[in-house]
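Colleague: Could you walk me through reading this structure? I would like to begin with one spot and then step back to the whole.

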Amino acid sequence: MTSVIGAPNATETRIITKRLRDRPEDSWTLDGFTQSGGYESLRAALKLDPEAIGAEQVAAAGLRGRGGAGFPTGTKWSFLPKGSYPRYLVVNGDEGEPSTFKDRMLIENDPHQLIEGIAIASYAIGCNLAFIYVRGEFALGFERLEAARRDAHAAGFLGTNILGSGFDLDIVIHRAAGAYICGEETALLSSLEGDRGMPRIRPPFPAVAGLYAKPTIVNNVETLSTVPHIMRMGAAEYAKLGVNKSTGTRIFSLSGHVNRPGNYEVELGITFRDLIESPELGGGVRNGGKVKFFIPGGASSQWLTGSDEHLDAPLDMDYVQQTFGVMLGSGAVMVYDETTNPALVAWRLAKFFAHESCGKCTPCREGTGWIEKVLYRISHGYGRPQDLDLLLDVGDNISPGLNAPFSQTTICPLGPSAVSPVVSLHKFFREEVIAMCQNNDRVLHVTASDSGTSDLGAG
Amino acid sequence: MAFTAENLLLANEIVARYPKTKSAILPLAHLAQDQDGYLTQDAMREIAGMIGVTPAEVLGTCSFYTMFKRDEVGRLVVSVCTNVTCLVMGGPEVLEHLEQRYASDKEVTIEEVECLAACGNAPAMQVNYEFHESLTPGSATEIIEAYKSGELTARGVSGGVAGGGQG
């Protein structure tokens with residue numbers, strides 16, 4: 001850990017971003033990959049007992065999912081029922097959590113690293129057909145993945161009898177088509193089967209009955225991109241990085257009012273202040289300003305503020321969850337300076353969730369729309385002083401108790417995610433929001449048929 | 001229109017990749033849209049026939065996804081992000097400028113979209129799914145004009161052969 005309060009000096013610890021930073025000219029090509037150690041971890045893994053990889057490498061390294069939930073990857077793999085085949089590995093590359101942009105970078109700039117991780121994971125779990133579900137809008141990413149798959153196949157890293165091991169693997173790269181909800185793993189599987197991308201009730205969990213009702217593991221792009229490095233470094237060495245049960249490094253997508261927005265791979269355990277202020281990372285708030293608030297783990301997380309207590313919190317998945325009820329989630333950190341109207345940010349988040357609600361569960365389908373309409377009214381100068389409490393009441397119907405981690409009246413967490421900005425406004429900006437709503441002589445009636453946002457085009 | 005001979009070969013190869021053919025709906029719809037510029041009724045019928053489901057099932061799936069355009073769109077589809085990072089970095093201003101500038105230009109369709117995963121260089125947009133970042137209203141206009149003149153081109157999204165539509 002390199003944190004000194006008051007003098008942030010943290011730097012990147014580049015493991016999965018090392019190649020794409022060191023050789024930006026050819027990091028995505030087979031030559032660039034193999035010349036920098038690529039596919040050596042696969043070669044080594046294929047000599048090991050497959051089951052030992054999950055337990056003795058991935059689980060021992062403490063690797064947790066990098067998509068949002070932070071579930072231990074090795075444990076997830078161990079849930080596959082014994083003797084049940086075929087089984088599938090599905091890669092979640094449907095990156096759409098607002099302000100997250102790490103998987104796109106990994107897909108575009110180091111696709112072979114992902115393929116190597118897929119091949120090792122597939123060997124470990126006994127899968128011969130893997131799918132990469134890649135976000136539809138990633139045209140360049142898709143092209144690079146397809147090229148990488150073809151080149152890896154031609155070079156014997158995919159296909160039949162890989163490197164003489166007797167292990168076979170094919171990969172299908174599947175284009176999504178613009179639906180945030182498909183980043184939720186059961187919705188992703190529905191979409192991959194050719195249906196509308198709607199979440200399914202669990203159990204059964206995908207590990208038991210997933211794609212085509214077969215045992216299926218769904219892992220995030222960054223998670224699988226890390227696997228070759230755990231093999232290369234050894235689990236014990238990897239687990240030395242990080243803090244507590246948040247081992248290793250993670251890529252944080254830093255955006256908003258900072259001087260140096262971008263993706264930074266850092267050792268877990270540095271603080272939010274390090275990430276936002278260190279000269280080699282975020283470089284501080286623009287124009288010498290101060291943090292008013294920040295969203296620490298993607299749009300679904302509750303917010304934190306510019307207080308010392310929040311800024312000096314370590315990037316530790318469990319610590320921030322237990323202490324503040326927020327999550328590191330997808331690793332997106334959005335920073336807002338003191339010029340920002342928090343109600344406007346909350347409204348735009350609610351608009352996003354209302355648009356992306358799949359419509360399957362009533363509390364989410366109806367509730368997200370109402371939250372968006374009332375937040376529009378507040379943030380655009382038509383609010384009433386009682387509106388914030390009205391929003392909490394709506395939110396309580398989607399996420400009873402308004403706590404984090406969520407309770408939910410819905411199948412998936414999208415609906416409760418739309419409640420996060422409401423609770424955050426209430427916790428940190430209640431007075432500001434109510435002041436915004438005082439003495440408004442303008443009246444904007446919010447009705448189901450006539451949305452307050454009708455002048456804003458498609459939502 | 002129906003798949004061209006070249007795209008039909010690719011379409012059949014795509015269907016064969018999947019253990020169950022219905023999985024091919026999305027990639028085939030992308031292929032058809034790349035070829036025709038939007039997802040036509042005829043294309044959805046042809047896809048249904050290829051994978052053994054009804055046209056209504058293909059429509060039922062495709063209507064869920066915002067990338068599939070079921071009405072004619074301009075040759076250039078410009079997707080401007082206004083989500084929470086672009087919101088505070090000038091995305092809405094880019095959108096408003098482009099909507100006014102191209103209001104009567106049939107070649108250009110401007111749409112507001114959700115987060116494009118380009119927040120490090122906000123505000124961002126895509127032109128036929130090619131990324132353009134760190135935009136101002138002026139630079140966004142210049143980029144669109146470069147596509148109009150043919151100086152810039154897009155690769156398409158399906159890996160297939162583009163026709164007279166987007167591309």
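**One leucine, then two chains**

Modeller: A:L281 sits in the loop between α12 (272-277) and β9 (291-295) of chain A. Helices (H or I, at least four residues) and strands (E, at least two) are DSSP runs, numbered from the N terminus. This is a predicted model, in which local features need pLDDT of at least 70 and side-chain atom pairs count only at pLDDT 80 or more, while totals for chains, interfaces and linings use all residues. Residues are numbered from 1 along each chain as its sequence is written, chains are lettered from A and ligands numbered from 1 in the order in which they are written, and side-chain values use heavy atoms, leaving out hydrogens and water.

Colleague: Is A:L281 buried or exposed?

Modeller: Buried means under 20% relative accessible area, exposed over 50%, and partly exposed in between (1.4 Å probe, protein chains only). A:L281 has a relative accessible area of 0%, so it is buried.

Colleague: Which residues does A:L281 touch?

Modeller: A contact means heavy atoms within 4.5 Å. Leaving aside residues up to four places away in sequence, A:L281 touches several residues, among them A:A10, A:T11, A:E12 and A:R260. The C-alpha atoms of A:L281 and A:R260 are separated by 6.8 Å, and the two residues are 21 apart along the chain.

Colleague: And the strands? In which sense do β2 and β3 of chain A pair?

Modeller: Two strands pair if DSSP finds at least two bridges between them. Strand β2 (residues 129-134) of chain A pairs with β3(A) in the parallel sense, over six bridges. A:V134 has A:R175 in β3(A) as its bridge partner. Strand β3 (residues 170-175) is mostly covered, with five of its six residues buried.

Colleague: Now the whole of chain A. How many helices and strands does it have?

Modeller: Chain A has 19 helices and 11 strands. Its radius of gyration is 22 Å, close to the 23 Å that the globule rule gives for 459 residues, so chain A is as compact as a globular protein of that length. The radius is taken over C-alpha atoms, and the rule is 2.2 Å times the number of residues to the power 0.38. Of the 459 residues of chain A, 61% are buried.
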